[in-house]
Amino acid sequence: MPSIVPLNGDQPTLLNRELSLLKFNERVLAMADYATTPLIERLRYVCIVSSNLDEFFEIRISSLKEQMARNANVVGPDGYKPTEAFERIQVAARGLIERQYHLLTTEILPALAKEGITLSDPHHWTDEQRMWAHNVFMRDVMPLLTPIGLDPAHPFPRVFNKSLNFIVSLSGEDAFRRQGQIAIVQAPRALPRVMRVPPEISGVQHGFILLSTLISEFVGELFPGLEVGGCYQWRVTRNSDLFVDEEEITNLRLALQGELSQRNFGAAVRLEVDHVMPQKLINFLQQEFSLEPHDTYRVNGPVNLSRLMQVCSAVDRPDLQFSEYRPKVPEPFAHLHNDPAGVFDAISVKDHLLHHPYQSFQPVLDFLIAAARDPDVVAIKQTIYRTGEDSELMAVLLAAAKAGKEVTVVVELMARFDEQTNINWAARLEEVGAHVSYGVVGHKTHAKMALVLRREKGHIRRYGHLGTGNYHVRTSRLYTDFGLLTANQRMCEDMDKVFSLLTGLGARRPLKLLLQSPFTLHDTVVEFIRQEAENARAGKKARVMAKMNSLLEPRVIDELYKASQAGVKVDLVIRGACALRAGVPGLSENIRLRSIVGRYLEHSRVFYFHANGEEKVYLSSADWMDRNFFRRVEVGFPILDKALKKRVITEAFTWALRDNVLAWRAQPDGSYLRVKSRASRINMQEKLMALLGH
């Protein structure tokens, strides 16, 4: 591990990961604050921040709490003890959440109301609206509710992670002469959190009512004869990280299924409550979930804010959304949809680079469809990390197996929050005779590879696809990723060797072109950075550029600092968490760090090294993080074709480094400032849509 070099006598060279993640979410929330962002998209960004924060508390905060319990006085590489980091994170998270709700309630919802998109407010109901809402509650909601009056015979109920709940204060005497005090009402998961209000009732084109509004307004119907003193919504977030003892298990799938059933009841880490809830009731809930006051967040709005995403999906107002973009199917694949042999002929001639979502994901599907249909194809091998519940790609693999192809699928069962979906796909694949492997215990299979073996002229020829993103059609329209279709036999043979390690046993065989975690990727990246530093010291041109989601691994950061001090120009485009301090005199003054946050989620991983003019360019499934280098199976693959290499450099870096609309520049203290320029407006994502789309 590199040493922690203090800055100005007190600041360490590495930034705190969790605080950096919160900074990223501040940049996402800024998209909701821009007047230039279409109105419905502004609401969508508010919801995205809520979804991100849910996972932040479920995984990162729960992990930090465990650290606090084990090593309360150990100073981390960021210079903080766990308790100190936790205090700073709580302050930052609270500030972010307050800004989020303020933006929602004071700007976005009023602006939506002016456009005829409303959330029904009981304070402004007409008699007709109240009658309609009451009828909906009595007919559709009340029959599914089970109020629980707390007493010795009715203990506090088990509460699902992130479920919508209500605490009700009551007074009076019931049929059994019991005194009303406190009741809990849980919103059933079967009920929609957002419901449409007919235009003739709402008076607007797009009227909605929240389930929380209906329950709060008519909760008295559940307690006849008692007086309701107050009804307040609340939600608890739990530790959702899974633990499977990989040394003890004999069947990972069965062990994981057993653990998934308990995910919703992990230790509580956050309590969200209605901002008007009395402190007495908050204290009661804190005691019930063993939480402290600093774990509690009062919110002025729905506690399950991410559910408002349903409004974004339900409203058909193109004028309030990003303009429609239809990704182009590049040549020659645009004319090969029903020509299996033609697909392989095209790939055999030269490598093909795909850049999603600017270019369609369809050529990847066509590649696999061609493999399933082509009688000369004998085998298909593929890794699956995330693919979705309704996956056309998985349907193709099922059809290929049914058709008698040798189909081998390495399914990563431990893909966080997609575990159940992947378990279901694994079972379906096994049912049709596919060979299903779960990779290597202790190392998540995160590599994105599909390999096709085809019999040609009496010999087996390999065709491959490698990518930076998942085989997921929906996210391919939302995430930026590169993919490569290739018939380069050295690269495809390397892929086959990786598959052999994942499905079988044996010593590691050297790879000719691919870099692989946990074996060669980290050491090679370090060596490439060192070579740039040596070139700079020798007076030669030296440059490193890297684009990824997160940069956290200490040794790589240390090498980048040394390269900067040697005179290497380093440009980093890091979307999310980054522990590196950029632009610090004497440490990293030659490092520029940017973050791009826009319409699409920047997801591709691209590494560039000048290498004395050779310009080495690698695409990868791996961020520069400890887990990706040492605890996952990842691949990095070179771009060998000069024209494609030029494309990657332009599309990944040139426009990103010139962007003055979506870009944020990191400051030495870890804060970010939005890039502003008097030059002409350059939006990287719009440029690529114009360059690669229709």
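A residue is counted as buried when its relative accessible area is under 20%. In this predicted model, Ala611 has a relative accessible area of 14%, so Ala611 is buried. Ala611 is placed in the loop between β23 and β24, and its phi is near 50°, a positive value in a residue other than glycine. Asn612 lies in the loop between β23 and β24 as well and, although not a glycine, has a positive phi of about 55°. With a relative accessible area of 48%, Asn612 is partly exposed. Most residues other than glycine have a negative phi.

Strand β23 (residues 605-609) pairs with β24 in the antiparallel sense, over 5 bridges, and Tyr608 has Val617 as its bridge partner in β24. On the other pairing of β24, strand β25 (residues 632-638) is also antiparallel to it, over 3 bridges; here Leu619 stands opposite Phe637 of β25. Strand β24 (residues 616-620) is mostly covered, with 5 of its 5 residues buried. Lys616, Tyr618 and Ser620 point one way from β24, whereas Val617 and Leu619 point the other way, and all of them are buried.

An open sheet is formed by 6 strands in the order β2-β4-β3-β7-β8-β9, with mixed pairing. The edges are taken by β2 (148-149) and β9 (296-299); each has a single partner strand, so one side of each is left without a neighbour in the sheet. The partner of β9 is strand β8 (residues 268-274), and these two pair in the parallel sense over 4 bridges. Within this pair, Val273 has Arg298 of β9 as its bridge partner. Helix α2 (residues 39-70) packs on the sheet and touches β7 (227-238), β8 and β9. The direction of α2 makes about 135° with that of β8.

At least two lining residues are supplied by each of α3 (82-114), β1 (117-119), α6 (211-218) and β7.

A search of the whole structure for disulfides finds 0. For Cys47, the closest cysteine sulfur is that of Cys312, at 5.0 Å; a disulfide requires a pair of sulfur atoms within 2.5 Å, so this separation is too far for a bond. Cys47 is buried, with a relative accessible area of 1%. Cys578 likewise counts as buried, at 1% relative accessibility.

His356 and Pro357 are joined by a cis peptide bond with omega of about 0°. Pro357 lies in the loop between β10 (352-356) and α11 (362-373). The peptide bond from Ser517 to Pro518 is also cis, with omega near 10°. Pro518 is located in the loop between β18 (515-517) and α15 (521-537). Most peptide bonds are trans.

Definitions and conventions: Residues numbered from 1 in each chain as written. Predicted model: local features only at pLDDT ≥ 70, side-chain atom pairs only at ≥ 80, totals over all residues. Heavy atoms only, no water. Pairing = 2+ DSSP bridges. Contact = heavy atoms within 4.5 Å. Axes fitted to C-alpha atoms, helices over the stretch in contact; angles between N-to-C directions. Buried < 20%, exposed > 50% of the residue type's maximum accessible area, 1.4 Å probe, protein only.
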